[in-house]
Amino acid sequence: MQKFRINQILAAELFRSLLLLKSPQTAQNADLAQTLTEKIQALRERLPMSLQIETAKNVCDVLFNSEKLIEASNYVF
């Protein structure tokens, strides 16, 4: 049970770090991008592959849905 909880926390932190790495502010800050990349690598080493894949899929879903929302809002204005 404790291992499951630790994996959940690590997966959540991986999710957060991947989204932050994709943000425009991070693209303008090379040090932050490097730090996040190192953190992501460390998290990936501790997580099972199945959780890494699930987390990456969730990040892609969020980014894709965000893009669709932005496109839809452009039609409103």
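1. First, what you're looking at. This is a predicted model, in which local features need pLDDT of at least 70 and side-chain atom pairs count only at pLDDT 80 or more, while totals for chains, interfaces and linings use all residues. Residues are numbered from 1 along each chain as its sequence is written, and side-chain values use heavy atoms, with hydrogens and water left out.

2. On to the fold. The chain has four helices and zero strands, and from the N terminus the order reads α-α-α-α. (Helices are DSSP runs of H or I with at least four residues, strands are E runs with at least two, and both are numbered from the N terminus.) The radius of gyration is 15 Å, well over the 11 Å that the globule rule gives for 77 residues, so the chain is more spread out than a compact globule. (That radius is taken over C-alpha atoms, and the rule is 2.2 Å times the number of residues to the power 0.38.) Along its principal axes, the C-alpha trace spans about 50 × 30 × 15 Å.

3. How far can you trust it? The pLDDT, the predictor's confidence in each residue from 0 to 100, averages 89 over the chain, and 92% of the residues score at least 70. Helix α3 (residues 30-46) has the highest mean, 96, and helix α4 (residues 49-76) the lowest, 84.

4. Arg44 is partly exposed, at 37% relative accessibility. (Buried means under 20% relative accessible area, exposed over 50%, and partly exposed in between, with a 1.4 Å probe and protein chains only.) Leaving aside residues up to four places away in sequence, Arg44 touches Leu14 and Gln52, where contact means heavy atoms within 4.5 Å. Arg44 and Leu14 sit 30 residues apart in sequence, yet their C-alpha atoms are 7.6 Å apart.

5. Now look at Thr55, over in helix α4. Is Thr55 buried or exposed? Thr55 is buried, with a relative accessible area of 5%. Again skipping residues up to four places away, Thr55 touches Ala11, Leu14, Phe15 and Leu18.

6. Last, the whole chain again. Buried residues make up 18% of the 77. Of the contacts between residues at least 6 apart in sequence, 66% join residues at least 24 apart.
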